[in-house]
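Hello,

Here is the structure I said I would pass on. My notes on it follow below.

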Amino acid sequence: MKIIEVKDYKEMSQKAAEYIIEKVCHNPKIKLGLATGGTPIGTYQNLIADHKQNGTSYANVMTFNLDEYIGLSGENKNSYRYFMDEQLFNHIDINKKNTFVPQGVAEDIQAECERYENLLEEYGGIDLQVLGIGGNGHIGFNEPGTSFQSQTHVVNLATSTINANARFFNQIEEVPVQAVTMGISTIMKSKEILLLASGESKNNAMVQLLNGEITESFPASVLKKHPCVTIIADRAAVAGLKIQC
Ligand code: F6R
């Protein structure tokens, strides 16, 4: 794993955007795996600014999101489809038909999981997957205890995840308790992974990721088995850790 330590959220967002832009310029047909949540918002803002200023084109890019809440349709302001449209897709020249997010309101949710997994396979898999990390080490919505062999599946969200995500909702009761998420093996199939971490609230998770063992009780630890992972983390997230750049 290559670790890039930066000053703060702003610098993490700039560096992450530069990283992604370089990949998009190198391969205009790149398939990006994308995350939602607070961490990548600044990165997406930088991608938008660069698109407007420098014309980096996403016309031939495909995107696949990690996860979606069960019970929220794409029109719901708290759905991850809505988030992606608002935070990124509506502001760049991407063809929305090439942007994929699992369906949170599919009639048969198991069939939806299979459809999404097959879709990824059909398109040849993800070239670069962007990840955030949960305080409990989750990646996507793969909570502690999830099998490293898991494919796209339904999860019951951990109480800590529901609490952490309540900030995006009017009240905690509105936070869905289940989600569809790419599995750990799905994520691990990506050719390359970019993990972003910012802030003190991610410090314990980063310590465990970098110093702890590889175990299903800490999902992100699986990334140590991946041949091509870059972490961009700010000082607060990696405080107390010895980083060799
Ligand atoms: C989001 C996702 C989650 C988040 C994680 C961190 O699509 O899959 O794993 O990356 O919960 O969330 P934030 O960035 O809000 O701290």
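Which backbone oxygen does the side chain of Ser 221 reach? The side chain of Ser 221 reaches that of Phe 218, at 2.6 Å.

Before the rest, the ground rules. This is a predicted model, in which local features need pLDDT of at least 70 and side-chain atom pairs count only at pLDDT 80 or more, while totals for chains, interfaces and linings use all residues. Residues are numbered from 1 along each chain as its sequence is written, and side-chain values use heavy atoms, with hydrogens and water left out.

Ser 221 sits in the loop that runs between α7 (203-211) and β10 (229-234); helices (H or I, at least four residues) and strands (E, at least two) are DSSP runs numbered from the N terminus. Ser 221 has a relative accessible area of 0% and is therefore buried (buried is under 20% relative accessible area, exposed over 50%, partly exposed in between, with a 1.4 Å probe and protein chains only). Leaving out residues up to four places away in sequence, Ser 221 touches Phe 148, Leu 209, Glu 213, Ile 214 and Thr 215, where contact means heavy atoms within 4.5 Å. Thr 146 is 75 residues from Ser 221 in sequence, and their C-alpha atoms are 12 Å apart in space.

Salt bridges

The whole structure holds 8 salt bridges, a salt bridge being a side-chain nitrogen of Lys or Arg within 4 Å of a carboxyl oxygen of Asp or Glu.

One of them joins Lys 15 to Glu 11, with the closest N and O atoms 4.0 Å apart. Both residues belong to helix α1 (residues 9-26) and are 4 residues apart, about one turn of the helix. Lys 15 is partly exposed at 31% relative accessibility, and Glu 11 is partly exposed at 25%.

Another pairs the side chains of Glu 192 and Lys 23, at 3.1 Å from N to O. This pair links distant parts of the chain, 169 residues apart: Glu 192 is in strand β9 (residues 192-197) and Lys 23 in helix α1. Glu 192 counts as buried at 11%, whereas Lys 23 is partly exposed at 25%.

Glu 117 and Lys 189 also meet through their side chains, at 3.4 Å from N to O. Glu 117 lies in helix α4 (residues 109-122) and Lys 189 in the loop between α6 (184-188) and β9, so that the pair links distant parts of the chain, 72 residues apart. Glu 117 is buried at 6% relative accessibility, and Lys 189 is partly exposed at 45%.

Regards

Notes
Polar contact = N/O pair within 3.5 Å; in protein donor to acceptor, adjacent residues only side chain to side chain.
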